[in-house]
Amino acid sequence: MRRVFAVTALTGLLLAGSGCAERTDPFSVGFASPAPAATSLTPAPTVTGDAGVCARAKQAGSVAVQTYVQKLAEMLRAGGTGDRGTEKAARRDAEAALAGWRDVLREQSGRATDPRLRTLLADLATEVGGLGTDVRKIDETAFDRLQQRLDQLCPA
């Protein structure tokens with residue numbers, strides 16, 4: 001039962017972390033402000049001049065967080081009912097969402113021309129890489145500070 005409360009609290013934190021996000025955006029859950037649509041031909045200008053890098057990093061974050069939260073909730077529900085197969089598959093999917101996001105952040109860090117953005121994306125990749133599926137180990141405060149820095153460098 002404590003695990004269900006933990007995922008509920010985590011989901012609330014993730015949703016609260018999207019303070020700048022529009023509620024009509026289906027990808028506005030999590031630690032990211034609304035990401036530009038994946039089909040956007042002209043990324044919005046940014047403080048760093050790395051509009052494409054910012055757009056890709058934010059899009060990957062929005063999708064990954066949504067998947068992560070859904071799979072984490074699924075994992076905890078399955079664990080509560082004793083369905084070990086579903087629990088294991090959901091854990092694997094949640095971890096894969098984080099790994100994919102981490103990889104995109106690393107890739108975009110390598111493409112960033114602004115050293116501040118390059119460093120920030122590398123820091124975010126490290127933080128995302130350490131998240132895992134143990135809700136008790138998530139340091140939302142540290143992650144929120146990194147997200148605020150990303151929002152400053154990539155306000156669009």
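**Entry 1, the disulfide.** I began with the S-S bond of Cys54 and Cys154, whose torsion is about -55 degrees, so the disulfide is left-handed. This bridge, in a model that is predicted, has an S to S separation of 1.8 Å, where a disulfide is taken as a pair of cysteine sulfur atoms within 2.5 Å. I noted that Cys54 sits in helix H2 and Cys154 in the segment after H5, 100 residues apart, so that distant parts of the chain are linked. The structure holds 1 disulfide.

Residues are numbered from 1 along each chain as its sequence is written, and side-chain values use heavy atoms, with hydrogens and water left out.

I looked up the pLDDT (the predictor's confidence in each residue, from 0 to 100) and found that the protein averages 75, with 68% of the residues scoring at least 70. Confidence is lowest in helix H1, residues 2–16, at a mean of 44, and highest in H3, at 94; helices here are DSSP runs of H or I with at least four residues, numbered from the N terminus. Over residues 1–45 the pLDDT is below 50, although this stretch has 73 contacts in the model beyond near neighbours in sequence, a contact meaning heavy atoms within 4.5 Å. Where pLDDT is low, the predicted coordinates should not be read in detail.

I found helix H2 (residues 51–81) packed on helix H3 (residues 84–111) at an angle of about 165 degrees, with axes 8 Å apart; axes are lines fitted to C-alpha atoms over the stretch in contact, and angles run from 0 to 180 degrees between N-to-C directions. H2 and H3 are therefore roughly antiparallel to each other, the term for angles over 145 degrees. The residues of their contact divide into 16 nonpolar, 6 polar and 8 charged.

On the H4 side the contact includes Arg116, Leu120 and Leu124, and on the H5 side Phe143, Leu146 and Leu150 are among the residues involved. The contact of H4 with H5 comprises 10 nonpolar, 1 polar and 4 charged residues.

Methods:
This is a predicted model: local features need pLDDT of at least 70, side-chain atom pairs count only at pLDDT 80 or more; totals for chains, interfaces and linings use all residues. Helices (H or I, at least four residues) and strands (E, at least two) are DSSP runs, numbered from the N terminus. Angles under 35 degrees count as roughly parallel, over 145 as roughly antiparallel, 65 to 115 as roughly perpendicular and the rest as oblique. Ala, Val, Leu, Ile, Met, Phe, Trp, Tyr, Cys and Pro count as nonpolar, Asp, Glu, Lys and Arg as charged, and the others, Gly among them, as polar.
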